[in-house]
Amino acid sequence: MKALGVYIHIPFCVQKCRYCDFLSAPSTEEARAEYLEALKREMINEASAYEEYEVKTVFFGGGTPSILEAEQIRECMEVLQSHYRLAADAEISMEMNPGTASLEKLQVMRASGINRLSIGLQSTVDEELRMLGRIHTYADFEKTYYAAREAGFTNINVDLMSAIPGQSVEGWRKTLQRVVDLEPEHISAYSLIIEEGTPLYENIESYPAIPSEEEDRIMYQDTKSLLKEHGYERYEISNYAKSGYECKHNVVYWTRENYAGFGLGASSMVENVRWKNTDDMKIYLGQQELKEEVHELSKSECMEEFMYLGLRMMGGVSCREFLNTFGVSMDEIYGDVLRHWKNMGVLWQDEDNVALTDAGIDVSNQIFADFLLDE
Ligand code: SF4
């Protein structure tokens with residue numbers, strides 16, 4: 001059977017964080033219930049398209065999926081289990097925010113098959129959390145984290161964010177240290193990007209200064225060294241894991257395996273066709289003509305994606321796999337580009353793999369752009 005990843009989008013949050021430009025918003029209980037009915041309908045209606053697939057990973061993202069009632073989460077899982085072929089060892093993740101799930105809810109989540117949590121902490125400094133408009137304190141996070149362990153979760157990711165306005169190198173070290181002391185299996189560490197249109201962007205002058213380039217560089221180096229020291233392997237530009245705990249669902253994206261997205265605005269890629277669900281809630285609830293931007297990727301586009309998505313992973317991309325997939329060698333298509341960047345010291349290559357060097361990660365966007373082909 002062919003492998004499939006499933007993404008389920010829950011576009012609700014308790015309140016909007018000041019830096020957030022994701023498809024999410026506060027909502028009423030009724031709105032959530034109505035959405036859940038549409039979501040389950042979509043998953044049931046689409047199931048026949050995936051009869052030949054085995055679901056290897058599921059990711060409930062958002063938004064804040066843990067805002068749902070325990071019963072709603074259980075019902076979603078039941079639809080998946082009864083209409084899709086779920087692998088016995090499937091990785092089933094749910095994003096959550098501190099303070100949105102009691103021990104009882106976590107126990108229901110675990111019992112319904114969810115086996116991985118991704119907790120949005122961002123910072124252990126309460127002042128920074130307040131500034132970002134997060135709904136929780138560090139103490140709330142600790143409570144949620146310990147409750148998750150008590151409920152039986154043995155695979156937990158913690159999301160962290162550097163380059164927050166007013167953040168010091170010391171503050172970032174403290175955040176890292178406190179989190180590694182808790183020994184989560186996985187840590188995602190991103191730099192804050194201040195997106196146009198967000199309250200943070202619009203009022204940036206009223207916030208403390210963002211860390212300087214020099215401070216940013218020190219934070220980046222600290223992240224790498226401290227996490228390495230504590231047994232976290234960096235396996236992707238922003239992701240670190242204890243051995244065997246890499247996020248399988250994210251690897252689906254980077255290795256271009258098939259994935260189906262359900263819910264408002266969810267993206268899919270199946271057999272080299274990409275599409276996106278509508279992000280208009282009214283249309284979504286009507287469950288008619290959901291798919292937009294349907295695009296069959298050309299061979300060139302598939303090769304481009306193979307390179308720039310695969311190179312996000314520290315293991316890089318395999319020349320043998322490129323040849324098997326496209327019937328042409330990587331060297332024939334990208335020989336000049338590879339030689340150029342290898343000479344610059346930002347790519348390395350062994351017999352089969354091509355990957356970014358440490359220096360390459362700093363200029364990865366420039367490198368990735370070079371893998372675009374003229375049609
Ligand atoms: S919790 Fe996440 S999705 Fe929700 S508003 Fe904050 S950043 Fe956005």
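Helix axes are lines fitted to C-alpha atoms over the stretch in contact, and the angle between two of them is taken between their N-to-C directions. With that in hand, the packing of helices H1 and H2 can be stated: their axes lie 10 Å apart and the angle is about 10°. The model discussed here is predicted. The protein contains 15 helices and 15 strands, and its domain assignment gives domain 1 (2-252) and domain 2 (314-375).

**Overall form**

- The C-alpha trace spans about 55 × 55 × 40 Å along its principal axes.
- A compact globule of 375 residues would have a radius of gyration near 21 Å, and the protein agrees with this because its own value is 21 Å.
- The centres of domain 1 and domain 2, taken over C-alpha atoms, are separated by 30 Å.
- Buried residues make up 36% of the 375 residues of the protein.

**Nonpolar cores**

- The largest nonpolar core has 65 residues, and those with the most contacts inside it are Val-6, Ile-8, Val-58 and Ile-119.
- Strand S1 (residues 2-10) supplies the largest share of this core, namely five residues.
- A second, separate core has 14 residues, including Phe-306, Trp-341, Val-354 and Leu-356.
- Ile-119, one of the residues with the most contacts inside the largest core, touches Met-96, Pro-98, Phe-141, Thr-144, Tyr-145, Ile-156, Asn-157, Val-158 and Asp-159, when residues up to four places away in sequence are not counted.

**Helix packing**

- Helix H1 covers residues 29-46, and helix H2 covers residues 70-83.
- The angle of about 10° between H1 and H2 makes the two helices roughly parallel, because angles under 35 degrees count as such.
- On the H1 side of this pair are Leu-36, Lys-40, Met-43 and Ile-44, which meet Gln-72, Glu-75, Cys-76, Val-79, Leu-80 and His-83 in H2.
- Helix H2 also packs with helix H3 (residues 103-111): their axes come within 9 Å and cross at roughly 5°.
- H2 is therefore roughly parallel to H3.
- The contact between H2 and H3 is made by Ala-70, Ile-73 and Arg-74 of H2 together with Glu-104, Lys-105, Val-108 and Met-109 of H3.

**Backbone features**

- Most residues other than glycine have a negative phi, and most peptide bonds are trans.
- The peptide bond from Gly-62 to Gly-63 is cis, with omega near 15°.
- Gly-63 belongs to the loop between strand S2 (53-62) and H2.
- Glu-183 is not a glycine, yet its phi is positive, at about 60°.
- Glu-183 is found in the loop between helix H6 (169-182) and strand S6 (186-191).
- Glu-183 counts as exposed because it has 12 C-beta neighbours inside 10 Å, and a residue with 12 or fewer is placed in that class.
- Gln-287, likewise a residue other than glycine, has a positive phi near 55°.
- The loop that holds Gln-287 runs between helix H10 (281-286) and strand S12 (291-296).
- Gln-287 is partly exposed, because 13 other C-beta atoms lie within 10 Å.

**Two residues and their surroundings**

- Arg-234 is part of strand S7 (residues 233-236).
- Arg-234 counts as partly exposed because it has 19 C-beta neighbours inside 10 Å, whereas a buried residue needs 20 or more.
- Not counting residues up to four places away in sequence, Arg-234 touches Lys-224, Tyr-240 and Met-314.
- From Arg-234 to Ala-266 the separation is 32 residues in sequence and 27 Å in space, C-alpha to C-alpha.
- Leu-309 is part of helix H11 (residues 299-310).
- With 16 C-beta neighbours inside 10 Å, Leu-309 counts as partly exposed.
- The C-alpha atoms of Leu-309 and Arg-256 are separated by 7.8 Å, and the two residues are 53 residues apart along the chain.
- Leu-309 touches Tyr-253, Trp-254 and Arg-256, again not counting residues up to four places away in sequence.

Note on methods: Residues are numbered from 1 along each chain as its sequence is written. This is a predicted model: local features need pLDDT of at least 70, side-chain atom pairs count only at pLDDT 80 or more; totals for chains, interfaces and linings use all residues. A nonpolar core is a set of buried Ala, Val, Leu, Ile, Met, Phe, Trp, Tyr and Cys residues joined through C-beta atoms within 7 Å. Helices (H or I, at least four residues) and strands (E, at least two) are DSSP runs, numbered from the N terminus. Two residues are in contact if their C-beta atoms, placed from the backbone, lie within 7 Å. Domain bounds come from an automatic or database domain assignment. The radius of gyration is taken over C-alpha atoms; the globule rule is 2.2 Å times the number of residues to the power 0.38. Axes are lines fitted to C-alpha atoms, for helices over the stretch in contact, and angles run from 0 to 180 degrees between N-to-C directions. Angles under 35 degrees count as roughly parallel, over 145 as roughly antiparallel, 65 to 115 as roughly perpendicular and the rest as oblique.
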